[in-house]
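Please open the structure in your viewer and keep the sequence panel beside it. The tour below goes from one selection to the next and says what is found at each stop.

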Amino acid sequence: MSTLRLTRESISTSFYKYGLFIVFIALVMTFSVFNRNFLSGANASNLLRQTASTGIAAAGLVFVLVSGGIDISMGSTIFLSSVIVTTLANQGMGVPGAFVVALACGMLVGIINGFFVSVLRVVPLIVTLATLYVVRGVALALTGTQSLFFFNKVADFVAYTSLFGVVPVVVLIMAITLFLVQVVLSRTLFGRQLFAIGNNANGARVMGIKVRRNIFLTYVISGALAGLAGLVSGAQVGAITPTFAEGQEFIIITAAILGGVSLFGGKGSAFPGAFVGVLIVMCIENGLVMAGANMYFYTIVRGVVIFFAVMIDCMRNKGELR
Amino acid sequence: MQQPAADAPVLELKKLNKSFSGVQVLKDINLTLKRKGSVLGLVGENGAGKSTMMNILGGVLQRDSGEILLDGAPFNPRSAVDADQAGIALIHQELNLFLNMTIAENLYLNGAPGTRLGLLSYRTMNAEARKVLQRIGIDVAPGTMMDELSMGIRQMVEIAKALSQKARIVVFDEPTTSLSTKEKKDLFSIIRELSRSGISMIYISHTLDDVLSLCEEVAVIRDGAIMGQSPISEMNKGKMISMMVGRKLDQLFPFAEKKPAEVRLSVEDLCQGKTLRHVSFSLRSGEIAGLFGLMGAGRSELARAIYGVDPIERGKILFKNRPVEHPTPSWWIENGMAYITENRREEGLLMPKSVKENLVLASLQRMARTFGAVDTKAEEKYSDQAIERLDIKTYDKARQLARMLSGGNQQKVVIGKWLLTKPEVFIVDEPTRGVDVGAKLEIYTHLNALAREGSAILFISSEMEELIGVCDRIMVMCSGEITGELQREEFSQEKLLTLAIRSATHEHAAAD
């Protein structure tokens, strides 16, 4: 009986561990049955480029989620950053400037979120819900609710250049981001302390970990990376409409949770975790496009995916809390 | 670090004071840890101020006035990190470990060996962790996740953490509450080992026997003041208890004559895998039946199965002679059975709610008037009764939150909650674990009163003394079976232990 239970447990833990990859492979296989082009090199490269913006933002969100918080203002931050970068780039700002500005305006939103969450101790969901609206409002005021067009040398470099003709710049940006984020999370004291905070904030405080400072930083980082994601997706799309990146935060959150980053804190990784989550989400969307699915169907699928991601997360945590 | 003066005590607390929102919790505390390697026992009732005192020493709380001297030099910890650096480690009752991380990561959360340019070196961390673990004789890989370890090993990891921070003074707060007998033995041998290697310790516990056998000196604290500190040779259990409670306890275990009447609950041939094997017994109104067994004997599992928390494979449960087909907790509560689990802190309390709300929670049904409105006057009356009867220390029952109460008072609230429902059948699982002597007496008295009013009580415990003192009869379990039953006149610790070990050794022999 006890050995039987052990194997059953190990099956379920290995499902939780590798289930993600199994799901991913199953998806790829299903879609390639519907459309032969799905597995082609061109589509794979296309898929990677599509993941860039969401991947960068999700990597930033991992910090917040691991320490037990949440940031739902990312879509608006992406919008604000792309609006400001586009405006300045259209006035002649260069490539390095664009990166600095994108990171800085994301950071600004992050500082506001972090201040309210860690200093004034307002619930993160409410703080970032407020900034979700306020930030979008500010950006709309800046544009006068007009669409902006992002066609200049900055957009060319970010979205349409490939290094050595093979590695698209957007993919490189995402790869560097994921690498750095994962190193910080798993190989620095700051990163490990975030895991401790997410597991038991009070215990971390008693141990002398600077809980509030660390939580503040997670929002600054997630804001900064949302800003970077704004530059990337702005350059890729080319047209910044008033609804640009609206609802994007939920795709980012879904991807991260799907990738095993827990909503309950204390668990997750940017790579492979969140990245595979993003791949799965993008795969579904890309596959639906290639299968020629009805537009309305997307929304339904997104809803179902969110539901399952959260359900799996809850089940995983239930097993542990008992 | 400066050389300690030869004659200065390792640690000295002088006239320490602390109040919380106007209530003085510590009054002129004086305490001395005389020499390197000495173990000082600290005993006192729940809420007497032990934890507050330790938290001040550990830098978690700041004192209002008074002095702390470390090797004769003043010491003013502003944070937990200050205390760490001064070599003071606190091992809290609720362990401060992060279950989502490995042992090594837990040991080095505030700074890791081998870190270069801000990057951690897992190789060095694991190697250092392995050394520390070996020093206390733990053979577990440092890369093991905390949540895979037993409570005993977790406690050891907490000690390893103290050692890895080069602690000179280690404070244990109730370290044995969740340990098995064997784990407890291991812990004690490690404490003795640490003492030999020159680490001084303060050992806080309600288990006076442990204090007597481990410590050189004992200090007793009552209502925030030290009642005395003296060598163990001048102390005994009775003396400690009377100092703790401030009066003589003529009787530790009150036994009341009762008149057992009809059978309320009976269980026939209950089976559940290997955890419960053909268990049959019955429980009469007006009696307290004890259920004894060692760790893993299946006592709590039996209670959980009856209560419908865990499934049953075979067997019958009869309540007032009527079979209960599918027992569920809510069915039992409605029909008058209460069950206090051994993890009552987690399962039995709404931490962010007030003391009053927690107390009346289980009896809201009975306080409901027409249209389901709750009778607020009855609420007041019942909760006041419980607070008075159980002597729950709360400054404002409607405003103080359950999580702000001291550990022992939280347990009293859970027990009070069920006492208010006047259950017909009452299953209590380790109701006095971690509770001080005074509160224990109160709990026994209430169980007696309930039984005299006609409740049938099943008292699960691993403390033989209290079962012998309180119960009318004791059933003994071992590896899922009831191996015997003793009547009051045949009670003895030897007999209980023989029954509790019997089939274990038997099975062991069979396995060989």
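**A crossing of two helices in chain B**

To find the pair, select residues 122-135 of chain B for helix α4 and residues 151-164 of chain B for helix α5; helices here are DSSP runs (H or I, at least four residues), numbered from the N terminus. Their axes come within 9 Å and cross at roughly 115 degrees, the axes being lines fitted to C-alpha atoms over the stretch in contact, with angles running from 0 to 180 degrees between N-to-C directions. The helices α4(B) and α5(B) are therefore roughly perpendicular to each other (65 to 115 degrees; under 35 is roughly parallel, over 145 roughly antiparallel and the rest oblique).

Now show the side chains of B:V132, B:L133 and B:R135 on α4(B) and of B:A160, B:L163 and B:S164 on α5(B), which make the contact (C-beta atoms, placed from the backbone, within 7 Å).

This is a predicted model, in which local features need pLDDT of at least 70 and side-chain atom pairs count only at pLDDT 80 or more, while totals for chains, interfaces and linings use all residues. Residues are numbered from 1 along each chain as its sequence is written, and chains are lettered from A and ligands numbered from 1 in the order in which they are written.

**Where the chains touch**

Colour the two chains separately and turn to their interface, where 21 residues of chain B are in contact with 18 residues of chain A. On the chain B side, the largest share, three residues, comes from helix α2, so named for residues 80-85 of chain B.

Next select residues 248-258 of chain A, which form helix α11; ten of its eleven residues are buried, so the helix is largely enclosed by the rest of the structure (buried: 20 or more other C-beta atoms within 10 Å; exposed: 12 or fewer; partly exposed: in between). Among the buried residues are A:I251, A:I252 and A:I253. After α11(A) comes A:G260, whose phi is positive, near 90 degrees.

Finally, select A:M290, found in helix α12 (residues 270-290) of chain A. This residue is partly exposed, with 16 other C-beta atoms within 10 Å. Leaving aside neighbours within four places in sequence, A:M290 is in contact with A:F31, A:N35, A:N37 and A:F38.
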